[in-house]
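Here is a short report on one protein chain.

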Amino acid sequence: MEEILIDRPLYIDRIEPFMEADVVKVLVGLRRSGKSDLLKLIQRRLLERGCNASQFITMNFEDYALTQYSDPDVLYPYLLERINAVEGRPYVFLDEIQEVRSFEKVVNSLRAATKADVYITGSNSKLLSGELATYLGGRYVQFEVYPFGYAEYREARKQAGGDGSFMDYLLSGGMPFLTTQQWDEQSRRTYLTDIYRSVVLKDIVQRHGIRDVTLLERVVAYVMANVGNIISANSIAAYLKNERMEIGVQTVINYLEYCVDSFLLERMNRVGVVGKKLLKTQQKYYVADQGLRNAIVSDGMTNIQGLLENVVALEARRRGYDVSVGVGDDAEVDFVLDRGAERRYIQVTYLMAQERTVEREFGAFRGIEDNYPKTVVSMDPVLRPRDGIEHRNVEEFLLAQDW
């Protein structure tokens, strides 16, 4: 089947101002979230700007044939040779760069010693922000890449000749390769489980030398099962103790941090709605892709509320918002979105069939006296806005361009 390449303007439009600038472009995100395809989209945009494909040097370090280049003393002279052979400006694309030992020295030397325009991708946030920052000293820009949002998912399913309903997206998620395949449910689950295993085993277990893999997986499964709920390391440790599994609170904190670093989980801090004071105890966690979560936690649609929150939270991140959970005097707002000078508040619920649900969701905004947009999002086909607060259908909301 011909390769399907889905346009991702949310990313390309942000990256384009930095194309050909003297900064390294760093793309980070969950394994199989579409970083390699995004490099192809960048190349396509460069071709539209007048570049020639002969100027591109591309290496994917997950390719076994390139194993020898995981040695920086082999990789660097090889790249220099290829760069010097290019007519015009070279463009270097290094995919999954964390497979290269001391890669940050190679990248820094390329930037300093050549005129190459460098793009790199990786699957661990600490590896690419901490160690790389030390060497580049601010001479890089970082973009976090997420699996497909609902609009991208629909386009991918359309090009693949399949349906792209919201319920399918809610269950199967938006991992790019999966969306282009006409697989049955069991095949989709197998693919997603394999991605989960690769993240847990390769990015977390191997990197951090974890010996009790089962304990790590139980922590992850607990967080995934409780997506959208407020949790703490103490509550996880207490739950596992009841399950006859001993684990220290600090170990739970470490495991959660490793999952966030590998982009498997997204942490949303709780902040005061007034003054935005960070509340250090208890947070919410969401999964980088709801399909991954559903493959690991077999609870069907019993936590549809959490799944809807997961989808909205990740879409906000995809659009460049900082996302936090708002805590007021009497109620909690699901999401406070900040992007530059912009802010908006969002409540997410399944259905507002009962009046007490309507009162609870709209009442969450009571006491917030600023004039930033406030929106209740649900699956209701009939909308009931009130008191200047929007009510929007979740499917329409995810496809809209006005937020």
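## Arginine 317

This is a predicted model. Arginine 317 sits in helix 14, which spans residues 304-318. Is arginine 317 buried or exposed? Its relative accessible area is 19%. The cut-off for buried is under 20%, so arginine 317 counts as buried.

Leaving aside residues up to four places away in sequence, arginine 317 touches Tyr146, Glu266, Arg267, Met268 and Val323.

## Two domains

The chain splits into domain 1 (9-144) and domain 2 (150-399). Their C-alpha centres lie 30 Å apart. Domain 1 puts 18 residues into the contact, and domain 2 puts in 22 residues.

Together the two domains bury about 1,600 Å² between them. Carbon and sulfur atoms carry 53% of that area. On the domain 1 side, Leu30, Arg31 and Arg32 lose the most area to domain 2. These three make up 36% of what that side buries.

## Polar links and the domain 1 face

Two salt bridges are found across the interface of domain 1 and domain 2. Three residue pairs are in polar contact across this interface.

Which elements each supply at least two residues of the side of domain 1 that touches domain 2? They are helix 1 (9-15), strand 1 (24-29) and helix 5 (125-136). Helix 5 gives the largest share, four residues. By type, the residues on this side of domain 1 are five nonpolar, six polar and seven charged.

## A salt bridge in detail

Arginine 31 pairs with aspartate 203. Their side chains form a salt bridge, at 2.9 Å from N to O.

How values were computed. Residues numbered from 1 in each chain as written. Predicted model: local features only at pLDDT ≥ 70, side-chain atom pairs only at ≥ 80, totals over all residues. Heavy atoms only, no water. Buried < 20%, exposed > 50% of the residue type's maximum accessible area, 1.4 Å probe, protein only. Contact = heavy atoms within 4.5 Å. Domains from an automatic or database assignment. Buried area = accessible area lost by both parts, 1.4 Å probe. Salt bridge = Lys/Arg side-chain N within 4 Å of Asp/Glu carboxyl O. Polar contact = N/O pair within 3.5 Å; in protein donor to acceptor, adjacent residues only side chain to side chain. Nonpolar A, V, L, I, M, F, W, Y, C, P; charged D, E, K, R; others polar.
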